[in-house]
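Welcome! Try each task on your own before you look at the steps.

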Amino acid sequence: MLQVLFSGLAIGAVYGLVAMGFAMAFYVTRVINFAQGQLLMASVMVTAAVSSAGAPAVLAAVAGIATATAGGVAVYFLAVRPVLAFDRFSFAWLVSTLGVAIVLATGAAIIWGPTSRAFPTMLNGHTLHIAGAGVTVQELLAVVVALAAVLCFEVVRRRTLLGKLAMAISADPEMASAVGANTRTAAAVAFGVAGLLAGVAGVLIGPITFANPYLGDTYGIAGFVALMIGGIEKPAAAMAGGFILGLLDQGANHFINSQASDWFPFLIVVAVLLLAPSGLFSSTEAIVNLRRRFHSALRADWQQQA
Amino acid sequence: MFPATPRLRSAAARRQLHAATLLTASALALTACAGSSGSSGSRGGGGGKSDGGTILVGEIAGTTGAYGTTGQAMVNAGQLAIDDINAAGGVLGKKLSFQWYNDNASATTSSQLFRKLVSAGAVAIAGSGDTGPTTAAESDRAKIPNIGAVDDGGLTVYPNGPDKPPYAWVFDTGLNTFAWGGAIAKYALEHCKGLAVLHDPSSYGLGGEAGIKMVYEAGGKKLALDEAITENWSTGATVGLKSEINKIKQSGADCVDVWLTPQDQASFVQEAKSLGVKLTVFGNDETDADATFSDLAKDDADGVISALLTTEVHPNAKLTEFQQRYQQRFNVASTPFAEATYDAMLMLRDAIKSANSTKAADLQKAFNAITDFDGLTGRLSFTEQKHTTIGVEQLTMVKFNKTTKKWEPLS
C-alpha cells in the first residue's frame with residue numbers, strides 16, 4: 001500500500017509538471033501546446049547526449065532543461081503567435097503545435113537514432129526504505145519539485161506584478177493590451193515556463209525511462225489526461241490532477257491487475273468529465289457541485305425509502 | 001500576442017502565417033523524410049515487380065520503436081543477402097530486387113505494407129519482427145511465403161499452441177520464443193526454488209510464457225507468479241515496476257523471467273537493486289541479441305541470465321566472416337536477427353532454385369522440403385509441421401559479466 005502511494009506520487013509529480021506546463025501556456029494564451037510532451041523528450045535527449053559526451057550529470061541536466069525552456073519560447077514564436085496573429089479565434093494552433101511535436105520527435109530520431117540511450121542515474125541510485133516500501137531520492141525530489149512549482153506559481157500569481165499581469169491577460173487580453181500590458185512578452189514567458197516545467201519533468205523521469213525520441217507522446221498524453229482531471233483553468237489544479245492520475249495508475253495496477261493502468265484512469269477521466277467538465281479542482285464550484293449532486297442523490301434515496 | 005483581428009489582417013500577419021504554414025509543411029516533410037530512410041527502401045536496384053528481369057523480394061521491419069535496432073539489423077542483412085545472391089549471378093538467370101519498409105511497430109501499417117508488396121509482385125516477404133502476427137495472418141490470406149524473423153516465432157507461427165499446426169505460409173528462421181522459454185525454464189527447474197514470470201501480453205510475451213510453462217510444468221512445478229504488463233512499444237519503457245517487484249518478493253520466488261523489452265528489463269534490474277531485492281533475473285531472446293539491454297542497465301546487468309544461439313557462443317569460420325563483412329558494411333555489429341534474416345534469404349534462393357519457379361505454391365512446397373540447410377544460425381530444416389528453425393537444442397545458457405561486458409556461457 002505504501003509502495004503504491006510512493007510510486008504513485010512520484011510518477012504523478014512528473015505527470016503534474018507536464019500538465020502544469022499545459023495549463024501555464026493556456027492560462028495566459030488560451031492555447032494548448034501539443035508539443036509539451038516533446039519538450040520533455042528534448043530535455044531527456046539533450047541531457048543524455050551531454051552526459052554521454054562526458055559532462056557531469058548536473059551540467060547535462062541544466063543543458064536539457066535550458067533546451068526545453070528555449071524550445072517552449074520557440075514554439076510560441078514559430079507555431080502559435082503567427083497563426084493567432086492572423087486569426088485570434090482560429091484553432092490553427094492545434095495543427096501547428098502538433099506539427100512542432102512531429103518535427104521534434106522525428107528530428108530527435110534522426111539526430112540520436114530511434115532507440116533508447118542511457119541516461120545518467122542521478123539520484124535514482126539512492127533509496128530510502130520506509131515501512132517495507134522503497135522510494136528513491138530521485139522520486140522524493142520529483143514530489144518536492146512538483147510542490148515547489150505549485151508554491152512558486154501561486155506566490156508569483158498572487159504577489160507579483162508579473163502574476164497580476166498574467167491574470168489580467170488571461171481574463172481580457174484586449175483590455176490588458178489597451179492599458180499597456182506587453183502581451184507578447186507575457187505569452188512568451190508563459191511558454192518558456194511551460195517548457196521549463198517539461199524540462200524538469202524530463203530530468204526527473206529520465207533515469208527510469210531512459211532517453212528515447214518517442215517519449216513525448218507518452219508523457220504528453222499522460223499530462224493532458226492529468227490536465228483534464230485537475231482542470232485546465234488553474235495550473236495548480238493541473239498538478240493535483242497529475243498526482244491523482246499517478247495514484248490511479250499505480251493503484252489500478254496493484255489492486256485490480258497489472259494491466260489495469262491501461263484503462264482505469266481513462267474511466268475516471270470520463271467520470272470526471274461527466275460530473276465536473278472543467279476538472280475537479282478548476283474551481284471550488286466543481287467540488288461544491290459534486291457535493292450538491294451527491295447530497296441530492298442521497299436525499300432522493302431517503303425519500304424513496306420513506 | 002492578442003492583437004485585434006481586423007488590424008492584423010495585414011501583410012505582416014500573413015507573413016507570420018506563412019511561416020507557421022511552412023513549419024507545419026516542414027514537419028510533414030521531415031516525417032516523410034525520416035520514414036523514407038526506413039520505408040521507401042527500394043534499395044535493391046531493381047525495378048520492383050517480378051517482371052522479366054528481376055524477382056522482387058520484400059521485407060517489413062520495425063526500424064523505429066522499442067525494437068528498432070532489431071528491425072534495422074534485419075533490413076541490413078536482407079540487403080546484404082540480396083546483394084550476395086545477385087553478385088553470384090542471381091537465381092534462375094534473374095537478379096533479385098529488394099524493397100523494404102518500416103512498419104513502425106504498427107499492425108495497421110504492416111498490413112497495408114504487406115498488401116502493397118503483394119501487389120508489387122513480391123514472391124516472398126521477410127519479417128516483421130515487430131508485427132509478426134499481422135504479416136503471418138496476411139501471408140495466410142494472400143498465400144505467399146512469409147519468411148525470416150516473423151515476430152519471434154512461437155505463438156506467432158503456431159497461433160493455436162505448440163502442439164497444433166503452424167501457419168502454412170510462414171517459414172520462420174528467427175529466434176523462437178518457445179525455444180528461449182523452454183531453455184530458461186529448464187535452467188530454472190534445476191537452479192530456482194520458485195520462478196515468477198513478467199511478460200507482455202502480445203503473442204511475443206505469451207509465446208515466451210507458453211515456452212516456459214511447457215517445460216516448467218512438465219518438470220512438476222508451477223509458476224510462483226505469472227503477470228502480464230502492457231508495455232510502451234514506442235519507447236520500450238514502462239514506469240512502475242516497483243509494485244511488481246514487491247509482488248514477486250511476496251510470491252516467494254527467488255528467480256524471475258522478465259520477458260519484457262530490453263528497456264524495461266534494464267529498468268527492472270535497476271528498480272530491484274534500488275529496493276534491495278535479490279533475485280536471479282532471466283531475460284529473453286532480445287536481452288542478449290544486441291547491446292540495448294547491457295548499455296542501459298550498465299553494472300546492474302551483471303548476473304542476468306539468458307540463452308544465446310550456440311553458434312553465437314562458438315562461431316564457426318563462416319559466421320565470423322559474415323560478422324566481419326556486416327560490421328564493415330554497416331559499421332555496427334551483426335546480431336542473431338541479422339543472421340537469421342540472411343539465412344532466410346538464402347533459403348528462399350534455394351527454394352526458388354529447387355522449385356525452378358517463383359510461384360507461391362511451388363515455393364511453399366520447396367520450403368517444406370528444406371532439410372539441413374547450412375545456415376549461419378545452424379543446420380536448418382522445415383517440414384509441413386515444423387515452421388520454425390530454432391529449437392532448445394540450439395541454445396546455450398549465458399550470463400552477463402559486467403567486468404568483461406560480455407555474455408559468457410554458464411557451462
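A residue is called buried if 20 or more other C-beta atoms lie within 10 Å of its own, exposed if 12 or fewer do, and partly exposed in between, with C-beta atoms placed from the backbone. This is a predicted model, in which local features need pLDDT of at least 70 and side-chain atom pairs count only at pLDDT 80 or more, while totals for chains, interfaces and linings use all residues. Residues are numbered from 1 along each chain as its sequence is written, and chains are lettered from A and ligands numbered from 1 in the order in which they are written.

**Exercise 1. Decide whether Glu139(A) is buried or exposed, and find what it touches.**

Step 1: Count the surroundings. Glu139(A) has 27 other C-beta atoms within 10 Å, so it is buried.

Step 2: Glu139(A) belongs to helix H5 of chain A, residues 137–159. Helices (H or I, at least four residues) and strands (E, at least two) are DSSP runs, numbered from the N terminus.

Step 3: List the partners. Two residues are in contact if their C-beta atoms, placed from the backbone, lie within 7 Å. Leaving out residues up to four places away in sequence, Glu139(A) touches Phe6(A) and Ala10(A).

**Exercise 2. Describe how the two domains of chain B meet.**

Step 1: Find the domains. An automatic or database domain assignment supplies the bounds: domain 1 of chain B is 43–175 + 316–390, and domain 2 is 178–312 + 395–409.

Step 2: Look at the meeting place. Here 23 residues of domain 1 of chain B are in contact with 24 residues of domain 2 of chain B. On the domain 1 side, helix H3 (68–87) and helix H13 (336–355) of chain B each supply at least two of the touching residues.

**Exercise 3. Work out how many residues of H3(B) and H13(B) are buried.**

Step 1: In H3(B), 16 of the 20 residues are buried, so this helix is largely enclosed by the rest of the structure.

Step 2: H13(B) is mostly covered, with 15 of its 20 residues buried.

Step 3: See what follows each helix. Just after H3(B), Gly89(B) has a positive phi of about 105°, and H13(B) is followed by Asn356(B), with a positive phi near 55°.

**Exercise 4. Find where in chain B the prediction has pLDDT under 50.**

Step 1: Start with the average. pLDDT is the predictor's confidence in each residue, from 0 to 100; its mean for chain B is 87, and 86% of the residues reach 70 or more.

Step 2: Look along the chain. The pLDDT stays under 50 over residues 1–9 of chain B, and it is also below 50 over residues 32–49 of chain B.
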